[in-house]
Amino acid sequence: MRGGGFEFEEFVAASGPRLLRMAWLLTGDAHLAEDLLQTALAKAWPKWRRIGQEHPEAYVRKILVNTHTSWWRRHWRAEVPHGELPERAGELDAYEGVDLEQSLAAAVRRLPPRQRAVVVLRYFEDLGVDETAGILGCTPGTVKSQSAKALRTLRAALPAREADRCE
């Protein structure tokens, strides 16, 4: 100890097992717990001169919880094993997405100008009804009706896909 606080290595040696147990309780997995603790310690290291003087374990615990929370929000939850394999899908057409995209673009270009503008603003630019109405200088009701007409026309113009018919 220097200056009333722990050196980082001393802290890790003294508190590491307790912090690892906490990380394991958070994750439920030994390997993830080790990764979580390592990440928390890596975040604490640059701030050690400040946090090492008072309650470093409390600070690192908070880092553990916050890091685990961000991992939980960000990452896909682990795979769930099943006893049976799922049915294998038919052969995939590598060009199906391109064909659909080209068909959609052509169908949008065939829409009347007002409907085309509504579709582009609402669905490609992801604007709300009121924002679209403001840009086009019309009422929200007009945007909704033009949108409904355009979508009906596009559905009729595009080829139905097998996956869509099954749902």
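Residues are numbered from 1 along each chain as its sequence is written. In this predicted model, local features need pLDDT of at least 70 and side-chain atom pairs count only at pLDDT 80 or more, while totals for chains, interfaces and linings use all residues, and side-chain values use heavy atoms, with hydrogens and water left out.

User: How many helices and strands does the chain have?
Analyst: Helices (H or I, at least four residues) and strands (E, at least two) are taken as DSSP runs, numbered from the N terminus. From that end the elements run α-α-α-α-α-α-α-α-α. The count is 9 helices and 0 strands.

User: Is S15 buried or exposed?
Analyst: S15 is part of helix α1, which spans residues 8-27, and its side chain makes a polar contact with the side chain of E57 at 3.1 Å. A polar contact is a pair of N or O atoms within 3.5 Å, where within protein one must be able to donate a hydrogen and the other to accept it, and residues adjacent in sequence count only if both atoms are side-chain atoms. Buried means under 20% relative accessible area, exposed over 50%, and partly exposed in between (1.4 Å probe, protein chains only). Because its relative accessibility is 4%, S15 counts as buried.

User: Which kind of aromatic pair do F8 and W45 form?
Analyst: Rings of Phe, Tyr and Trp (its six-membered ring) pair if their centres lie within 6.5 Å, and planes under 30 degrees apart count as stacked, over 60 as edge-to-face and the rest as tilted. By this rule the count comes to 3 aromatic pairs. For F8 and W45, the centres are 5.0 Å apart with 65° between the planes, and the pair is edge-to-face.

User: Why does the pair of F8 and W45 tie together parts of the chain, and how many residues apart are they?
Analyst: F8 is buried at 13% relative accessibility, whereas W45 is partly exposed at 48%. Because F8 lies in helix α1 and W45 in the loop between α2 (30-44) and α3 (48-51), the parts that the pair ties together are apart in sequence by 37 residues.

User: Which residues do ring pairs link into a cluster?
Analyst: F11 in helix α1 and W48 in helix α3 are 37 residues apart, and they form a tilted pair with 5.0 Å centre to centre and 45° between the planes. Both F11 and W48 are buried. The cluster linked by ring pairs consists of F8, F11, W45 and W48.
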